[in-house]
Amino acid sequence: MRQNALLRSAKGLGAPSTARKRDTKVAKMAVVAPAPVEEREEAQRNEHERNDHFAVRHGVRCAGVHLIIDLHEATGLDDIDLIESTLRRCVDAAGATLLHIHLHHFQPNGGVSGVAVLAESHISIHTWPEVGYAALDVFMCGKAEPERCIPVLREAFGVPRVEVNELLRGQNI
């Protein structure tokens, strides 16, 4: 299937069926204490020996680091050009590899939804300019540093309040 074929098709645009419903229960997040220095150093040595693109965060080997980022009182959330350039700057700041960006501008409120597809995973954004709110997912594996996106986002959208939750996906697999 060509890259844009799904975007042109009507698949997935209808009303959701009951077969697609998912369990909406929220799992409790476990707080993981950092591993001792010796364990972190050993995990880093092992990571350099492997080429599986897993990440090590706080001494924990995982498939990737997933940041859930909420921007409050943000400006420029209806400016699709600003959003695209900001996503590109996030990719560069994190040391990631951009494969593709797709953004959609909604009317009449001007909100934007989109994704930057990365070799290391993705950055997605959904904006509500009418209330100054944006929700982003920044998920990266390997040596990419997703936390480096936060100052880029703060500066680009003039954000006084940022909330960040970190998930270590695929721990110890």
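Student: What do the buried residues of helix α4 pack against?

Tutor: The buried residues of α4 pack against β3 (64–72), α3 (80–94), β6 (121–128), β7 (133–140) and β8, where contact means heavy atoms within 4.5 Å. Helices (H or I, at least four residues) and strands (E, at least two) are DSSP runs, numbered from the N terminus. This is a predicted model, in which local features need pLDDT of at least 70 and side-chain atom pairs count only at pLDDT 80 or more, while totals for chains, interfaces and linings use all residues. Residues are numbered from 1 along each chain as its sequence is written, and side-chain values use heavy atoms, with hydrogens and water left out.

Student: Which residues of α4 are buried, and how do you know that they line one face of the helix?

Tutor: In α4 (residues 149–156), the buried residues are C149, I150, V152, L153 and A156. Seen down the helix axis, they fall within an arc of 165 degrees, so they line one face of α4; the arc is that of the directions from the helix axis to the C-beta atoms.

Student: Why is T86 called buried?

Tutor: Buried means under 20% relative accessible area, exposed means over 50%, and partly exposed lies in between (1.4 Å probe, protein chains only). T86 has a relative accessible area of 1%, so T86 counts as buried. T86 belongs to helix α3, and, leaving aside neighbours within four places in sequence, T86 is in contact with V152, L153, A156 and F157.

Student: What makes R161 partly exposed?

Tutor: The relative accessibility of R161 is 39%, and therefore R161 counts as partly exposed. R161 lies in strand β8 (residues 161–169) and touches D70, L71 and H72, not counting residues up to four places away in sequence.

Student: Why is the pair of W128 and Y133 called tilted?

Tutor: Rings of Phe, Tyr and Trp (its six-membered ring) pair if their centres lie within 6.5 Å, and planes under 30 degrees apart count as stacked, over 60 as edge-to-face and the rest as tilted. By this rule the count comes to one aromatic pair. The ring centres of W128 and Y133 are 5.4 Å apart and their planes stand at 35 degrees, so the pair is tilted.

Student: What sits over the ring of F139?

Tutor: The charged end of R169 sits over that ring, 5.5 Å from the centre. A charge sits over a ring if NZ of Lys or CZ of Arg is within 6 Å of the ring centre and within 35 degrees of the ring normal.
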